[in-house]
Amino acid sequence: MRRNFTSVSEFILLGLTNRLELQILLFLLFLAVYLVTVAGNLGMILLIQVNARLHTPMYFFLSHLSFVDLCFSTNVTPKMLEIFLSARKSISYPACLVQCYFFIALVHVEIYVLAVMAFDRYMAICNPLLYGSKMSKRVCTSLITVPYVYGALTGLMETMWTYNLVFCGPNEINHFYCADPPLIRLACSDSYNKETSMFVVASCNLVCSVFIILTSYIYIFSTILRMQSTEGRHKAFSTCGSHLTAVTIFYATLVFMYLRPPSEESVEQGKMVAVFYTTVIPMLNPMIYSLRNKDVKEAFTKGLLKKKLCMQ
């Protein structure tokens, strides 16, 4: 059955606060965060593209993580900035569905990009002699294509469940973007199928991706602890440190946001976590990988020196 009786043509996003002085302050804060996010992720992508030393599987996957983070933030932040300054904080029904689609799709792309990156570290540390042949350009392209295709299909499926819900009012979404939990609470029709699908899909994908990451790191740590060289162990740990930091931050917020049934309390808590999840993490990832990664720091430093010499 289609949404023949849906009378809602737009939704009102309540945002983070209704206090004008805080809205202006938050606008400036999140504008700065977004600009840093764009600069950091675009910079990482360009640095990997132009520096031949970074043309390895690990940095190939890192460039895609930066691309996904950039898209993820761009899907949410510009609209959030708009509602801070707008008197009527509305989003049309089609635009809301589009935002929902990209949000869900990009979340699933990111969790499996992180899983692929863990597998790449497993191959590099546990099978170093076969790494070059096993992780060929064709294999890397295939590995990174799967998360994009799967994320797109999962986003479509979940958005279709939302599309089949009937919305007849009220139309105020207690969030700063079209998030599933508060949107479901506005449905006039039975949302059991949508809620069940959301919980099952989120749970299965979290378990599957975490299993890949944990299994990879069990083998990685086992191999590192058997290494005779202290320098070799330190180098191996350093290549995994950035990824482990990004994974820990990402999954902690993901679990808190989605493995709970929708309720007034969970939506309010979710808004606070979503701020960190949708704006801060995409900004932090380039910093994590650049500050903790020797190759990236050296490539960045050489790039700056080269630019400085060209200007003289």
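Modeller: What follows starts with the chain as a whole and then turns to the helix pairs and some of their residues.

This is a predicted model, in which local features need pLDDT of at least 70 and side-chain atom pairs count only at pLDDT 80 or more, while totals for chains, interfaces and linings use all residues. Residues are numbered from 1 along each chain as its sequence is written, and side-chain values use heavy atoms, with hydrogens and water left out.

The chain holds 10 helices and 3 strands (DSSP runs, H or I of at least four residues for helices and E of at least two for strands, numbered from the N terminus), and from the N terminus on these elements run β-α-α-β-α-α-α-β-α-α-α-α-α. Of its 312 residues, 48% count as buried (under 20% relative accessible area, with exposed meaning over 50% and partly exposed in between, for a 1.4 Å probe and protein chains only). Among the contacts with a separation of 6 or more, 80% are accounted for by residues 24 or more positions apart, a contact being heavy atoms within 4.5 Å.

Two packed helices are described by the angle between their axes and the distance between the axes. The axes are lines fitted to C-alpha atoms, for helices over the stretch in contact, and the angles run from 0 to 180 degrees between N-to-C directions.

The axes of H3 and H7 come within 9 Å and cross at roughly 15°, which makes H3 roughly parallel to H7 (angles under 35 degrees; over 145 is roughly antiparallel, 65 to 115 roughly perpendicular and the rest oblique). The crossing of H3 and H7 is left-handed, that is, the near helix is turned anticlockwise from the far one by less than a right angle, whereas clockwise would be right-handed. To this contact H3 contributes residues including His-108, Ile-111, Ala-118, Phe-119, Arg-121 and Tyr-122, and H7 residues including Asn-205, Cys-208, Ile-212, Ser-216 and Thr-223. By class, the contact of H3 with H7 has 17 nonpolar, 5 polar and 1 charged residues (Ala, Val, Leu, Ile, Met, Phe, Trp, Tyr, Cys and Pro being nonpolar, Asp, Glu, Lys and Arg charged, and the others, Gly among them, polar).

Within helix H7, Ser-216 is buried, with a relative accessible area of 6%, and, leaving aside its neighbours within four places in sequence, Ser-216 is in contact with Ala-118, Phe-119 and Tyr-122.

H3 also packs with H5, at an angle of about 150° and with their axes 7 Å apart, and here H3 passes H5 in a right-handed crossing. The residues of the contact of H3 with H5 divide into 19 nonpolar, 6 polar and 1 charged.

Helix H5 itself covers residues 137-163, and at 1.5 Å a residue its 27 residues should span 39 Å, which agrees with end C-alpha atoms 39 Å apart; the expected span is 1.5 Å times one less than the number of residues.

Back in helix H3, Asp-120 is buried, with a relative accessible area of 1%. Beyond its neighbours within four places in sequence, Asp-120 is in contact with Pro-57, Met-58, Phe-61, Tyr-131 and Met-135; Pro-57 is 63 residues away from Asp-120 in sequence, yet their C-alpha atoms are 7.3 Å apart. In the loop between H3 and helix H4 (128-134) lies Asn-127, which counts as partly exposed at 23% relative accessibility. Asn-127 and Thr-223 are 96 residues apart in sequence and 9.6 Å apart in space, C-alpha to C-alpha.

A further pair is formed by helix H1 (residues 20-50) and helix H2 (residues 57-85), which pack at an angle of about 160° with their axes 9 Å apart, and that makes H1 roughly antiparallel to H2. Their crossing is left-handed, and by class the contact of H1 with H2 has 19 nonpolar, 8 polar and 1 charged residues. Helix H2 holds Cys-71, which is partly exposed, with a relative accessible area of 25%; the C-alpha atoms of Cys-71 and Asn-41, 30 residues apart along the chain, are separated by 9.8 Å.
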